[in-house]
Amino acid sequence: GLEQIQALNLTEDDLPSCPKSSPFLSGPLKVSFPLHLTMDEIAQKNPWVQMGGHYQPPNCWALHHTAVIIPYRARRKHLYQLLYHLHPFLQRQQIHYTIYVVHQIDNNTFNRGKLLNVGFKEAMKENNWQCIYFHDVDLIPEDDRNVYGCSVLPMHSAVAIDKFQYKLPYQTYFGGVTALRPTHYLKINGFPNNYWGWGGEDDDIASRIFLNKMFITRPPAAFGRYRMLKHGHDKGNEVNPKRFHLLSSTHIRWRRNGINTLNYKLLSKEQTQLYTNFTVNLGSSD
Ligand code: UDH
Ligand code: NGS
């Protein structure tokens, strides 16, 4: 069984490479949202996922080694829906992955950019990931040909979201679900730490990419489709009135505001059946 295979600690030399295109893909998916999901139920449906939300294909060496990082606070129902859909989706893609949830536990204003920086830093301590997915908790992919691996360019995956009538809201939009290789991420000095509240941090990340003479790539719109879970305005994530001012100086700030100036308190790290959880206190300002 799986336990025995894992106990053998197989490496790249012991297994054939997985095929370029997984035979398990089904293409367009019927996404529905079952009520009253529990962790146990989701875990039962995903017996091959290991503690900490870890998976690798048992019979072939994966072409992609991907950490999925979810910025999180007080969205339990969304998290369950995402885990319920994402685990089978990723396994069908035959990739090697772990799902990490970065939980902002303090009562300060929400800070998505900083949480993603923490996720990167902590995930890279766990494994030599070659691809990092930054994934909002409320976006459910609708086509498994949207393979969660990295290309030579930073990737914006959430191309077609139902709430935007399945169209890009604007050309440089880089929100929702994105992916970078660690080398790309380090080149742009990670993400800004100083966007507290809603809006703009994704545009800042896009600017960092352009300022470093890289471009964004996207999957075909037929693949990069997502349903967004509905929710009201989050407490503690008010629209940030400073976002336009901050964005106007990204080109000056990016070198000294990012992964190289990140500070936070990691309060705990726990492995649950379906994800690795980092609980963090971000502090209140930089
Ligand atoms: N998030 C949380 N908890 C929060 C806030 C945000 O987990 O309290 C995470 C979650 O992963 C979410 C992501 O951060 O998907 C982005 O949150 P967001 O509120 O910035 O973006 P979203 O697109 O909502 O989910 C937009 C609705 C509010 C628009 C108001 C401004 N016009
Ligand atoms: C832009 C925001 C982005 C945001 C996008 C979509 O205006 O952060 O709208 O927002 N940029 C600024 O505010 C500078 S959404 O419709 O999902 O709420 O991601």
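This is a predicted model: local features need pLDDT of at least 70, side-chain atom pairs count only at pLDDT 80 or more; totals for chains, interfaces and linings use all residues.
Q: OK, how many residues are in the largest nonpolar core?
A: There are 39, and L90, I99 and Y148 have the most contacts inside it. A nonpolar core here is a set of buried Ala, Val, Leu, Ile, Met, Phe, Trp, Tyr and Cys residues joined through side-chain atoms within 4.5 Å. Buried means under 20% relative accessible area, exposed is over 50%, and partly exposed is in between, using a 1.4 Å probe and protein chains only.

Q: Which elements give two or more residues to that core?
A: Those are α2 (39-45), β2 (65-72), α3 (76-92), β3 (96-104), β4 (131-135), β5 (139-141), β8 (177-180) and β9 (225-228). The largest share, seven residues, comes from α3. Helices (H or I, at least four residues) and strands (E, at least two) are DSSP runs numbered from the N terminus.

Q: And what does I99 touch?
A: Leaving out residues up to four places away in sequence, I99 touches G52, G53, V68, I70, L83, L86, H87, L90, L274, Y275 and T276. Contact means heavy atoms within 4.5 Å. There's also a second, separate core of 29 residues, which includes V118, I188, I216 and V280.

Q: Back to α3, how many of its residues are buried?
A: 12 of its 17, so by the under-20% cut-off the helix is mostly covered. Among the buried ones are L79, L83, L86, F89 and L90. The buried residues of α3 pack against α2, β1 (54-55), β2, β3, β4 and β5.

Q: How far does α3 reach?
A: It reaches 25 Å from its first C-alpha to its last, close to the 24 Å expected at 1.5 Å a residue. The expected span is 1.5 Å times one less than the number of residues. Just after α3, Q94 takes a positive phi of about 55 degrees.

Q: What about I95, buried or exposed?
A: I95 is buried, with a relative accessible area of 1%. I95 is found in the loop between α3 and β3. Its contacts, leaving aside neighbours within four places in sequence, include Y55, P57, T66, L90 and Y148. The C-alpha atoms of I95 and T66 are 7.4 Å apart, though the two residues are 29 residues apart along the chain.

Q: Now the ligands, which residues are closest to ligand 1?
A: 16 residues surround ligand 1, and the closest are P71, R73, V137, D138 and W198. Near here means a heavy atom within 4 Å.

Q: Which polar atoms lie by its oxygens?
A: A backbone N or O atom of P71 is 2.7 Å from an oxygen atom of ligand 1. A side-chain N or O atom of W198 is 3.2 Å from an oxygen atom of the ligand, and a polar side-chain atom of H231 lies 3.1 Å from one. Taken alone, ligand 1 exposes 670 Å², and the protein buries 81% of that. Those accessible areas come from the Shrake-Rupley method with a 1.4 Å probe; for residues, only the protein chains shown count as cover.

Q: Which side chain sits by the nitrogen of ligand 2?
A: That's D203, with a side-chain N or O atom 2.6 Å from a nitrogen atom of ligand 2. D202 has a polar side-chain atom 2.6 Å from an oxygen atom of ligand 2. The protein covers 74% of the 450 Å² of accessible area that ligand 2 has on its own.

Technical notes:
Residues are numbered from 1 along each chain as its sequence is written. Chains are lettered from A and ligands numbered from 1 in the order in which they are written. Side-chain values use heavy atoms; hydrogens and water are left out. A polar contact is a pair of N or O atoms within 3.5 Å; within protein, one must be able to donate a hydrogen and the other to accept it, and residues adjacent in sequence count only if both atoms are side-chain atoms.
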